[in-house]
Every structure is written in structure tokens, then in C-alpha cells.
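Here are a few friendly notes to read with the model open beside you. Take them one at a time, and find each residue on screen as you go.

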Amino acid sequence: MSAPSGSVPLGDLAGVTLDELRARAGLQTRVDRKYVVPVAVAEALVAALHDRLGDGLRVLRVDGRERFGYASVYLDTPDLTCFRGAARRRRRRFKVRARTYLDSGACFVEVKTRGPRGTTVKTRLPYDADPSAPLTGAATAFVAGVLDAATVPAPADPLTPALVTRYARRTFLLTGPTPSRVTVDTGLTWAGTGTVAPSHAALRLDGLAVVETKTGSTPSAADRLLWRHGHRPVRLSKYGTGMAVLDPRLPCTPWRPVLDRHVAPALVPAG
């Protein structure tokens, strides 16, 4: 994809506040589509959306910032219940992470489950404990309650940190009759905690962006632009793919195409 005017400076885009973004396109139940593309393609996508939508494309802006650091600690059982559920595409799989918004310091425990017709349901709880430590009793009870409500069997063993991801994110709102969100993540880094992958292992995805569209049932303008230029959604789990990258002994069938085509050629040691 190429944009006739090149990339658009984010300062030229209309802004949206976090409260407005949540009100208009919170999408806690949604369809997620993920694309792995060169950073230049992600920039061209933003420019093309701006050309098409004008002020209908807005960038999340908080205190003058438009790019935000994220760190997520993914938790799993010793036998990797969450990872193996995703690797084997189990219908009642789930994912648990402690996500920290590095610019504000805010942290949440988030639980992702599967809704009807392949939708993703995210439920979260503010968290003020150490995200790199095992969950507190209150957070464990929260996770159990979410899983019970979703009729997902709770794991028999405790959840402990398994993988850490870091990246920088820009978030865009596409306004219209059915508002949607687009996120562009760059500098994605995976690091083991020592539970499964070695704690010293840290790898970065160099030169590539992970673009995610978060919509209702209807594909967004971003999806249609990417499709028009030959970019198709891929199966990419930041947790599942990261674990498979750091420990090649693990099963990785759902992510093998994206690992072979996109991820493996772009991996470099994280500095």
C-alpha cells in the first residue's frame, strides 16, 4: 500500500480523548482482526484513511501524547493451560494478563474469553499489586468469577507470570454509523520470565507493525483498505506466538504461517 502524500504527521489528525474513545468504541465484545505488515505499510494505511475519512479518523491523544508504551505480563499455569488452549483452538479457551500503561502507570488484570461467533470478550479489574508477581487473592477471585460467568472451567493450578511483552501503540478511532478502532503496535518485544522460556531470552520484531482492527460484526474501512492491497488477517497471539518463539518445543500449529512468513525473518535480540 502506498499513500500519495506519504505518512501523515499525527499532529495533523483530529484527536480523541480516552473517555470519548471508550464511549464511542469501547468494544469490550468485538471482532479482532490482526495484520503483520512493514512499518511503512502501517504508516501508509493511516495516510490513506486520512485521505478518505478526513476528520472521521481521529488519534487518541492524552496530554499531547499520541504514542504510548504498553507492558503486559501474561499468566499461565505450570502446564500452560492458557497457551495449550489457544494452540489447540479450544472453544472455551481464555487468557489472563496484567497490563501496565507505562505512560500513566495504570495497571489492570484483564481476562479474555470467547463470545458467540468468534467474538472476543475482555473483562478487566484495576490492579495495584506487582504485575510481575503471582496474582493477589482478590485478582484470583476476579479471574475465577469471570471464567465462571463465561462457563469456562477454572484452572486447577495457580496462575503465575509466563511471558512479558512490550511495545509502543497508537490508537485510532474511525467514526461513522458503526465506530471502530485501529491500533498500530511497533517495537514488539517478547521476554521470558523463567517459568517456561528462559528469563534471559528477549527478542524484538524488527521493522514490522502489528495492526489490529477492533469492530462489531462489520469490517472497518481499515480492513477493506488492507484487503484491497493484498494484506489479509493472520492468526497472531502476542502470548501464543511469543511463547512459541522463545521455546520452539511448544506446539504452534495455529501460528506457524505467521511465524514462518513474518515473524522469524524479522526477529532480532532485544537490546
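This is a predicted model: local features need pLDDT of at least 70, side-chain atom pairs count only at pLDDT 80 or more; totals for chains, interfaces and linings use all residues.

1. Start with the nonpolar residues. In soluble globular proteins, nonpolar side chains tend to be buried together. Here the largest nonpolar core has 53 residues, and Val96, Leu135, Val143 and Tyr239 are the ones that touch the most other members.

2. Now pick out Val143. Which residues does Val143 contact, once its neighbours within four places in sequence are left aside? They are Val96, Val109, Val111, Leu135 and Leu159. Apart from this core lies another one, made of 21 residues, including Val37, Val41, Ala48 and Ala209.

3. Next, look at Leu174, which is part of strand β8 (residues 160-174). Is Leu174 buried or exposed? Its relative accessible area is 4%, so Leu174 counts as buried, the cut-off being under 20%. Among its contacts beyond four places in sequence are Leu49, Leu53, Leu57, Pro179, Val182 and Ala221. Leu174 also shows how sequence and space can tell separate stories: Val16 is 158 residues away along the chain, yet the two C-alpha atoms are 10 Å apart.

4. On to the charged residues. How many salt bridges does the structure hold? There are 16. In one of them, the side chains of Glu110 and Arg97 meet at 2.7 Å, N to O. Glu110 sits in strand β6 (residues 107-114) and Arg97 in strand β5 (residues 94-101), so this pair ties together parts of the chain 13 residues apart in sequence. Both partners are buried: Glu110 has 1% relative accessibility, and Arg97 has a relative accessible area of 6%.

5. Arg169 is buried at 6% relative accessible area, and Asp185 is buried at 1%.

6. Asp185 also forms a salt bridge with Lys238, where the closest N and O atoms are 2.9 Å apart. Because Asp185 lies in strand β9 and Lys238 in helix α6 (residues 238-246), this pair ties together parts that are 53 residues apart in sequence. Lys238 counts as buried too, with 7% relative accessibility.

Key. Residues are numbered from 1 along each chain as its sequence is written. Side-chain values use heavy atoms; hydrogens and water are left out. A nonpolar core is a set of buried Ala, Val, Leu, Ile, Met, Phe, Trp, Tyr and Cys residues joined through side-chain atoms within 4.5 Å. Buried means under 20% relative accessible area, exposed over 50%, partly exposed in between (1.4 Å probe, protein chains only). Contact means heavy atoms within 4.5 Å. Helices (H or I, at least four residues) and strands (E, at least two) are DSSP runs, numbered from the N terminus. A salt bridge is a side-chain nitrogen of Lys or Arg within 4 Å of a carboxyl oxygen of Asp or Glu.
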